[in-house]
Amino acid sequence: MPAILNKTLLNQDVARLDIYAPLIAAKALPGQFVIIRATAESERVPLTIAQADTSNGAVTVVVQKVGKSTLVLSELSTGDNLHDIVGPLGMPTHTEGLKKAAVVGGGLGCAIAWPITKALHDQGTETHMIAGFRNKDLVILENEMLRDATALHLCTDDGSYGEKGFVTDKLRLLVQQGHSFDRVYAIGPLIMMKFVSKLTKELGIPTVVSMNPIMVDGTGMCGACRVTVDGKVRFACVDGPDFDGHLVDFDETMKRASAYKEFEAARKESHICNLMGVKTNA
């Protein structure tokens, strides 16, 4: 069974897990993901690969406590074993041929935006990363983003850290200041990606978004992760997760994403924490 080599808490609801999976680490590219089961009874949880380290055979994922399965996964510690991990899955992010790019991450989406930023920067692309969070307490991976971007622009909704405002405000300001981006990558909540794409369409900047809809098998067979792109059905697990942000039907995707919110909340409420022995409301 794959073991957790290291676990780091990034904030009260988000953990970084380094998992021993050398075959996956050897093939993983930025933008791809894995599917993990913490136990035999757990749901299959798709998580983007934040980093792959061939020196120790580790793949890094970032987990947020959302429903029962991610709660169980978050409770595991260094040295614990996962039931299974499958990957790398999905199409890698295309970064070739760009002189200057902006990568926009929102909240947990920064864990996906970070490896894309690093790939761009490593190939010589001038890369501006705009990272947005609701407040200071939710900021994650700041040192990594600062290290791997040409410039990091950190924003918080309430102004408690970095610059006050939304990521769209900062992107517009950078363009007004004379920055000309060949492409924008947007990764985060659906509503954030929708408004980034709306802005970049207005500005005439090609834009790629990373879609993470409900997913089951991760191989294109179940159809649960379907999204409408340019009026056609696409599957995020095999056709994506990257798509043209100007062609994605965000409203349809957001409606589908909300279908199981009540069920997820109930499962989370009923979960018995293995560490505390009580129901957890985390």
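Asp230 sits in the loop between β14 (226-229) and β15. In this predicted model, phi of Asp230 is near 55°, a positive value in a residue other than glycine. Leu141 shows a positive phi as well, again near 55°. You'll find Leu141 in the loop between β9 (126-133) and α4 (142-148), and Leu141 is buried, at a relative accessible area of 6%.

Then there are the prolines. Going from Gly87 to Pro88, the peptide bond is cis, with omega near -5°, and Pro88 is part of strand β7. The bond from Gly240 to Pro241 is cis too, with omega near 20°; Pro241 belongs to the loop between β15 (232-235) and β16 (242-244). Why pick these spots out? Because most residues other than glycine have a negative phi, and most peptide bonds are trans.

## Helix α6 and its two partners

Helix α6 (residues 190-203) packs against helix α5 (residues 167-176) at an angle of about 20°, the axes being 10 Å apart. With that angle, α5 is roughly parallel to α6, and the crossing of α5 past α6 is right-handed. On the α5 side, the contact uses Val167, Thr168, Leu171, Arg172 and Val175, while α6 brings in Met192, Phe195, Val196, Leu199, Thr200, Glu202 and Leu203. Sorted by class, that contact has eight nonpolar, two polar and two charged residues.

Helix α7 (residues 250-257) also meets α6: their axes come within 10 Å and cross at roughly 175°. An angle over 145 degrees counts as roughly antiparallel, so that is how α6 and α7 run relative to each other. Here α6 contributes Leu190, Ile191, Met193, Lys194 and Ser197, and α7 supplies Phe250, Asp251, Thr253, Met254 and Ala257. The class tally for α6 with α7 is six nonpolar, two polar and two charged residues.

Thr207 lies in strand β13 (residues 207-210). Is Thr207 buried or exposed? Thr207 is buried, because its relative accessible area is 4%, and the cut-off for buried is under 20%.

The Thr207 side chain has a couple of polar partners to look at. One is the side chain of Thr200, in a polar contact at 2.6 Å; Thr200 is also among the α6 residues in the contact with α5. Another is the backbone oxygen of Ile205, which the Thr207 side chain reaches at 3.0 Å. Setting aside neighbours within four places in sequence, the residues in contact with Thr207 are Val184, Ser197, Thr200, Phe243, Asp244, Gly245 and His246. Ser197 in that list turns up in the α6 contact with α7 as well.

## Ile85 in strand β7

Ile85 is in strand β7 (residues 84-89), the strand that holds Pro88. Ile85 is buried, with a relative accessible area of 15%. Which residues is Ile85 in contact with, leaving aside neighbours within four places in sequence? They are Pro2, Ile19, Ala21, Ile24, Val34, Ile35, Ile36 and Val59.

For a sense of scale, take the C-alpha atoms of Ile85 and Gly204: they are 119 residues apart along the chain and separated by 40 Å.

## Helix α2, tucked in

Helix α2 (residues 68-75) is largely enclosed by the rest of the structure, because seven of its eight residues are buried. The buried ones are Ser69, Thr70, Leu71, Val72, Leu73, Ser74 and Glu75.

Note on methods:
Residues numbered from 1 in each chain as written. Predicted model: local features only at pLDDT ≥ 70, side-chain atom pairs only at ≥ 80, totals over all residues. Heavy atoms only, no water. Helix = DSSP H or I, 4+ residues; strand = E, 2+ residues; numbered from the N terminus. Buried < 20%, exposed > 50% of the residue type's maximum accessible area, 1.4 Å probe, protein only. Polar contact = N/O pair within 3.5 Å; in protein donor to acceptor, adjacent residues only side chain to side chain. Contact = heavy atoms within 4.5 Å. Axes fitted to C-alpha atoms, helices over the stretch in contact; angles between N-to-C directions. Parallel < 35°, antiparallel > 145°, perpendicular 65-115°, else oblique. Left-handed = near helix turned anticlockwise from the far one by under 90°. Nonpolar A, V, L, I, M, F, W, Y, C, P; charged D, E, K, R; others polar.
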